[in-house]
Amino acid sequence: PVTGDGTRLPVQWTSRASLEELSGRVVRFRFSLARTRLYAFWVSGSPVGHSGGYVAAGGPGFAKSADLG
């Protein structure tokens, strides 16, 4: 389970170290929420959550319009 209030909360998988072996395959995520809202999510190959793309109008911790690491 992931708990907390933040924009870059990491997910640890119990069955594998990463999702790299699933690259190129269809993957579905299921979210079960209690007393909260999910605004957005993304999957990143970076351990610190870099998206490698544009972040539109920016966001917490973004000084530029792209999250290029």
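## Contacts along the chain

Among contacts in the protein between residues at least 6 apart in sequence, what percentage join residues at least 24 apart? In this predicted model, the share is 15%. A contact here means that heavy atoms lie within 4.5 Å.

## Secondary structure and surface

The protein contains zero helices and zero strands. Of its 69 residues, 7% count as buried.

The accessible surface of the protein amounts to about 6700 Å². Carbon and sulfur atoms account for 52% of that surface.

## The largest pocket

The volume of the largest pocket is about 2300 Å³. Its lining is formed by 49 residues, and the closest to the pocket centre are Leu9, Pro10, Val11, Phe41 and Trp42.

Sorted by class, the lining comprises 25 nonpolar residues, 17 polar residues and seven charged residues.

Is Leu19 buried, partly exposed or exposed? Leu19 has a relative accessibility of 22% and therefore counts as partly exposed. The reasoning rests on two cut-offs, because a buried residue must be under 20% and an exposed residue over 50%.

Leaving aside residues up to four places away in sequence, Leu19 touches Trp13 and Phe29. The position of Leu19 can also be described relative to Ser44, which is 25 residues away along the chain. The C-alpha atoms of Leu19 and Ser44 are separated by 9.6 Å.

## Arg35

Arg35 is not a glycine, although it has a positive phi of about 55°. Which accessibility class does Arg35 fall into? With a relative accessibility of 86%, Arg35 counts as exposed, because the exposed class covers values over 50%.

## Summary

The predicted model has zero helices and zero strands, and 7% of its residues count as buried.

Conventions. Residues numbered from 1 in each chain as written. Predicted model: local features only at pLDDT ≥ 70, side-chain atom pairs only at ≥ 80, totals over all residues. Heavy atoms only, no water. 1 Å grid on protein atoms, 1.4 Å probe; cavity = no way out; pocket = protein on both sides within 12 Å on 5 of 7 lines; lining within 4 Å. Points joined across faces, edges and corners; volume = space filled by probe spheres on them. Nonpolar A, V, L, I, M, F, W, Y, C, P; charged D, E, K, R; others polar. Helix = DSSP H or I, 4+ residues; strand = E, 2+ residues; numbered from the N terminus. Buried < 20%, exposed > 50% of the residue type's maximum accessible area, 1.4 Å probe, protein only. Areas by Shrake-Rupley, 256 points an atom, 1.4 Å probe, with all protein chains shown as cover.
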